[in-house]
Amino acid sequence: MSSHGMRLGKSRGGALGRVVRAGVGRRRVQTVVIVLSTMMAVTSTVLAGALLVASRAPFDHAFNTERGAHLSVLADGSKATSAQLAASAHVQGVTAASGPYQQIIAEHGTPSGGDFPGIGLPPLLIVGRATPGGPVDDLALTQGRWAATPGEIVLSTSYFGPRGSVGMTLTFPDLPGKPVLTVVGIARSVTGTGDAWVQPSQIPALTQPGTVPGIQMLYRFANAGTDTQVTADRDAVAAALPHGAVTGSLSWLSAKQDAERSTAPFVPFIVAFGVLGLIMSVIIIGNVVSGAVGASLRRIGILKALGFTPAQIVRAYITQALIPSAVGIALGVVLGNIFAKPLLSNAEFAYGTVSLSVATWIDIAAPCAAVVLVALTAFAPALRAGRLRTVEAIAVGRSPTVGRGRIARHLLGRVPLPRAVSLGLGSPFARPARTLAVAASVVFGATALTFALGLVSSFNDVQAGQNRNGTADVAVDIGATSDGGEVVHVGAKGVNQPAANPSAVAAAIAAQPGTRSYYGTGGVELAVSGLSGTTQVRVLQGAAAVDSVPLISGSWFTAPGQAVVPTRFLQETGTSIGSTITLTDNGVLIPVRIVGEVFDLRSRNGELITDARTLSAVDHVDRISGFEIHLSPGVDRASYISALNAKLHPVYADAQDAAADRGGSTLPFFEGMIAILTAMLTTVAGLAVLNAAVLETRERVHDLGVYKAVGMSPRQTIAMVLSSVALVGLCAGVIGVPIGIALHSYVVPVMAHTAGTNLPHAYIAVYRGAEMVLLALGGLVIAIVGALLPAGWAAKTRTATALRTE
Amino acid sequence: MDDAPLIELHQVTKRYDGGPPAVDDISLTVRPGEAVAILGPSGSGKSTVLNLIAGLDRPTTGTVTVAGTRVDELAESGSAKYRRTQIGMVFQFFNLLDDLTVGDNVLLPAQLAGMPRALARARAAQLLDTLGIAKHARAYPGRLSGGERQRVAVARALINRPALLLADEPTGALDTASGQDVRTLLSELNADGQTVLLVTHDLTLAQSCATRTVRLVDGRIASDTAHAAGSGAGAGVAPFTTEGAAR
């Protein structure tokens, strides 16, 4: 190339940069739309990706971060010494160990403060640890601080959940001196190695006279990925200790199984949102970039006339799309990480894990993929621009090709609508490709909206169904039962406390004004034919129990000898409705016929629910340990509970607000996440409309001048622009709603199956007729909101200026 | 003829972005039934005057009153209503909407004004017939000749029976024959009582259509001459003294 040619080339290169900068700056609205669209797309991608990863492996994440214990071994303190336990850290295969820690089980603690002051607590596994940290089981303090002196205690989140609070005290009246411990912190152990922790020097004061504290040792192993490996590891440790010293152990795999059981069901809906976001990203970027390039064709013609090569044109327009996209992508990554933080914090709590953060690879992969996507999307229209002949390029792009949609416009002109409206309704037919892209965006927006609302409804139904005994207003716990059952003690052991009489409690409830209905509940572990070990058998008493557990299929039991069971029970026993199974109660065989499938996730292995008389008829034991009460409409719950407790406390029973049991739900977290993802997707859909309306308004600005010159008012102008997107929005909404419903109908059962259950039909069929109509109008709303700004601009456009526009 | 002025510009000045005045302190009165041609070279301010009268622009100072309405004080909605009820506009490049048929183009102002459909259709049919373009009612403007398009534009301008017809270089984009056609049309309209204000640099158009010629130079009225239509500007007609000229 000659020096002149080189100078010319350099000059053109510099000119190319100026053209790109000018293009970006000149079309400010489109630049902003590209920035916002890519920002939203990348934000939702990062967010969905982060949550997907977080939901898939929260336990692994927390386990690695906290250096969780593959195995927690409990040794009998009278058979092994701390030195022997410490030496077991050198057993082959052990890569790290913490301990030994003394541990005791303190019974009948009574809290002051918290949600249930004065109520007896279940047995508490207290471990003596000087610090929360260590090479294994690095405890995460979620509130307060670590116990520094005797008299202080740190509670586990898994023991108290949200009900524990710093500052409350625990009294142990069974122990000498009735020690009182103040809660100074709440901590979390990923594998649940303790219910509470104190300074080691506190342990002797918590030990019953004549007993020896156990010794806990925590290990990590080189190989502990399977039950077999963990068992081998356990055997190796046991072999290193005196025979019979190991009295118990806890594998990390059981904790992992529990954690994944609670999180896995949510993966399908996060994936669904991720896929929706991805598709919308493609549509919106394609729509915006194609629109930007398409609207600049005349300018391209001029540039070519000035000597720009086709390759330079292609580069210029890809770069022109990439610059604002890069800004949007960068902002999207930042926003995605910012939004992910609180959601992941909630997830940490919900999942029982710690310090979740957006995976680095997502922060790298999402923007890279977005850049590639933008470049690829821009390439096709840019290539078209590059290949255009100069004269054609100059001629094209000022307005839609004349002739398209004429018939539709002509026919619409005959429709008895205000002319501004019929003119607007005809506009989409002039740009069918753009109209389809906008419609697709709105379809996905409406789909996301429908899907999200359905999810929230289903989640609410599921949550209500999952709550203890469904929707009872008040729960009554009987302090002790005459046999078995899950007992929550009232008052301290040692006090001469008779067992509450269920009949007396039932009579008090029945006599209490404000009681609408009530039923008794209780439970016992029994052997079930076909299942190893024992199974929780829940007994219910009273006709009102029929509403206590949501029915999936079959019918509720109507007589002794019948039972309803959750899906998991049917799966594990290979039975179905109509099958008869056999319970073994103290050697007595009790045949029970399964008459219904219920939605109940409380028992890990699936419980069996039957009439209390099924068992009492055989063994004559009253297993009722509590009551669930529904109040009459308008009854003040607090007053009712107060009045009822005045009668119940003397008979050692206690009424509580059943709503309190519904606290600590993960529902708000998922609702928040659904809200953010939906807001983003609908906003992106709205931006697609905004972009299209801006392009349309700009391309038709001269026509707009003519309309105004012949008397179109600002209000009519706004009506025309809004009408131009309204039909598309309405149609897209009508299409999006059934797609959203179909997506919901597919995803929710998949989520349920992941959790090991079917769902009552009502949990899936959550859409009502009026809701569907409103949702269909959602597409219209998205379109109208998206077009409001350009409509306003069109209304404000000066007629004289518009008429002068070529 | 009603003596009350249809158009009254009083000491109107228009500046764009603080520059020199495009229109500089002009006063002009047009009475119903007149056909006024505003003549002048490019940049003389004649299109600005037209835009001010049409309510497309606002004066920097001064007042513009048309049919008793202070056009310079109208908001956007008021301007739109004013344009569809009081005036009709014809442009040099027709400004027809290519996606609408001739009939739909003509109907548009009536439909925007909310005229009953049957009445609007009857009026459009009458105008198309009167202007000799009824056979093109279902055609699109792109298929018509320049003269025919301008006739469509005139029909559109007249459909709401405006008190004032404004024409901006109506023959500027036409060949000689079509130009003559439009000139004849405008003369006939004025002869039927339609007040016409046209802006042109075409002396022939002014001479053939206007009963009065206002010459603008550098935004000021250089002369204001009344004459019989077809007689030629200033041909034996006594000058009509405007306020500006009087000063």
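A residue is called buried if 20 or more other C-beta atoms lie within 10 Å of its own, exposed if 12 or fewer, and partly exposed in between, with C-beta atoms placed from the backbone. The structure is a predicted model, in which local features need pLDDT of at least 70, side-chain atom pairs count only at pLDDT 80 or more, and totals for chains, interfaces and linings use all residues. Residues are numbered from 1 along each chain as its sequence is written, and chains are lettered from A and ligands numbered from 1 in the order in which they are written.

In helix α20(A), the buried residues are A:Y640, A:I641, A:L644 and A:L648. They line one face of the helix, because they fall within an arc of 95° seen down its axis; the arc is that of the directions from the helix axis to the C-beta atoms. The face turned away carries the exposed residues A:A638, A:S639, A:S642 and A:A646. Helices (H or I, at least four residues) and strands (E, at least two) are DSSP runs, numbered from the N terminus.

The two chains also meet. The contact (C-beta atoms, placed from the backbone, within 7 Å) takes 22 residues from chain A and 24 residues from chain B. On the chain B side, α2 (76-85) and α3 (102-113) each give two or more residues.

Confidence was examined next. The model scores ipTM 0.86 and pTM 0.68. Chain B has a mean pLDDT (the predictor's confidence in each residue, from 0 to 100) of 85, and 91% of its residues reach 70 or more. Within chain B, strand β4 (residues 61-66) is highest at 95, while helix α8 (residues 243-246) is lowest at a mean of 36.

Conventions. Contact = placed C-beta atoms within 7 Å.
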